[in-house]
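Subject: Structure handover

Hello,

The structure is below, with the sequence. My notes on it follow.

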Amino acid sequence: MESDDGKSSSLSSLFSYSNLVHAVSGATGSVIAISVFYPLDTVRTRLQVDDHRHAKNTFLVLKEILKEEGLPGLYRGWLSMASTMFISSYVYFYTYASFQYCQHSLLGHGSKDKQSPTMLFDLLFAFLAGVVNVLVTTPLWVVNTRLKLQGANLHTAHFNKKHGAFKSPRKHYNGIIDCILKIISAEGVGKLWGGTVPSILLATNPAIQFMIYEALKRYFKRYMDVTELSGLMYFILGAVAKTAATVITYPLQVIQSRLRLVAVVPITKIKSASWLC
């Protein structure tokens, strides 16, 4: 009975108000962050996929996009990105917390020293949470990519027989739901999960981030002999962990961006890469 009561209590804590607040706060923070820096995210995508663009640094690309497409060009696809980011962050948090709950349930509630999470568990849970997140939210990322790139000016020669700017097809998706329905109608449900394999490989990004963050958090709690760190300290540790994870996985991000661009290029251009989608 005590064991059942303990498991019931742990399950209740998993779906507690506190965890709900953390999940919503984390998701909201992700949306705010991507909204503030969205023009830079647009530039990042263009630099990753547009090899023949003359401008090769952030500020010159910003200037070029503003000149060619106006201010809306920098924020193309923002709504779908914000919606996708919120849902993705929320799913990731609760999936990760669920794996932690399963670990505690299976291993029991012994001494904290014996049962404290290890870096190996952090890495495993973060990776599995990333995989679940990819499988659940990939359709939203596919939609986001299409909304973000439709109407964009791309300079890479193979998008056009001429060496001038390539103008992707005129706008034919009117929002997230419309895009989902049109993809299903024209290409089939399976296309919503296009690029799942490279996306799963990129699940190592949050896995590495969470592993580094949790390791740093535990280290500084022991080093400073405190039960909770300051908000500033959590912010710094999070920034360090994210930076390290991004540097490590950046080549995969470049590949992912190019594979997502495949969706808006004529089919004759992408036969050699179709096995990756």
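Y219 has a relative accessibility of 42%, so it counts as partly exposed (buried is under 20% relative accessible area, exposed is over 50%, and partly exposed lies in between, with a 1.4 Å probe and protein chains only).

Before the rest, some ground rules. This is a predicted model, in which local features need pLDDT of at least 70 and side-chain atom pairs count only at pLDDT 80 or more, while totals for chains, interfaces and linings use all residues. Residues are numbered from 1 along each chain as its sequence is written, and side-chain values use heavy atoms, with hydrogens and water left out.

Confidence

The average pLDDT (the predictor's confidence in each residue, from 0 to 100) is 77, and 76% of the residues score at least 70. Residues 110–116 stay under 50 and have five contacts beyond four places in sequence, where contact means heavy atoms within 4.5 Å. Residues 160–169 are also below 50, and the model gives this stretch 24 contacts beyond near neighbours in sequence.

Aromatic pairs

Rings of Phe, Tyr and Trp (its six-membered ring) pair if their centres lie within 6.5 Å; planes under 30 degrees apart are stacked, over 60 edge-to-face, and the rest tilted. By this rule there are seven aromatic pairs. One of them is the stacked pair of Y38 and Y75, with 6.2 Å between centres and 25 degrees between planes. These two residues are 37 apart in the chain: Y38 sits in helix α3, and Y75 in the loop between α5 (71–74) and α6 (78–107). Helices here are DSSP runs (H or I, at least four residues), as strands are (E, at least two), numbered from the N terminus. Y38 is buried at 0% relative accessible area, whereas Y75 is partly exposed at 38%. Y219 pairs with F220: the ring centres are 5.2 Å apart and the planes stand at 85 degrees, so this pair is edge-to-face. F220 is partly exposed, at 22%. Y90, F93 and Y94 are linked into a cluster by ring pairs.

Helix α3 covers residues 38–49, and its 12 residues reach 17 Å from first to last C-alpha, close to the expected 16 Å (the expected span is 1.5 Å times one less than the number of residues). Nine of those 12 residues are buried, so α3 is largely enclosed by the rest of the structure. The buried residues are Y38, P39, D41, T42, V43, T45, R46, Q48 and V49.

Helix α11 (residues 204–224) has 21 residues and reaches 30 Å, close to the 30 Å expected. Its buried residues include N205, A207, E214, K217 and R218. Just after α11, D225 has a positive phi of about 55 degrees.

Q253, in helix α12 (residues 231–261), is buried at 14% relative accessibility. Leaving aside neighbours within four places in sequence, Q253 contacts R44, Q48, L202, N205 and T246.

Nonpolar cores

A nonpolar core is a set of buried Ala, Val, Leu, Ile, Met, Phe, Trp, Tyr and Cys residues joined through side-chain atoms within 4.5 Å. The largest one has eight residues: V142, V143, L147, Y173, C179, I180, I183 and L192. Helices α8 (119–149) and α9 (176–187) are the elements that give two or more residues to this core. Apart from it lies another core of six residues, among them F125, A126, A129 and A207. Y173 touches R146, L147, Q150, D178, C179, K182, I183 and E187, not counting residues up to four places away in sequence.

Annotated regions and distant neighbours

The unreviewed UniProt entry annotates residues 20–40, 77–99, 119–143 and 232–252 as "transmembrane region"; its positions are given in the numbering used here, feature names are shortened, and annotations may be inferred rather than shown by experiment. In the model, residues 20–40 are 95% helix and 0% strand, with end C-alpha atoms 30 Å apart. Residues 77–99 are 96% helix and 0% strand, with end C-alpha atoms 33 Å apart.

T28 lies in helix α2 and is partly exposed at 32%. F15, in the loop between α1 (2–14) and α2 (17–36), is exposed at 54%. F15 and A97 are 82 residues apart in sequence and 9.3 Å apart in space, C-alpha to C-alpha.

Regards
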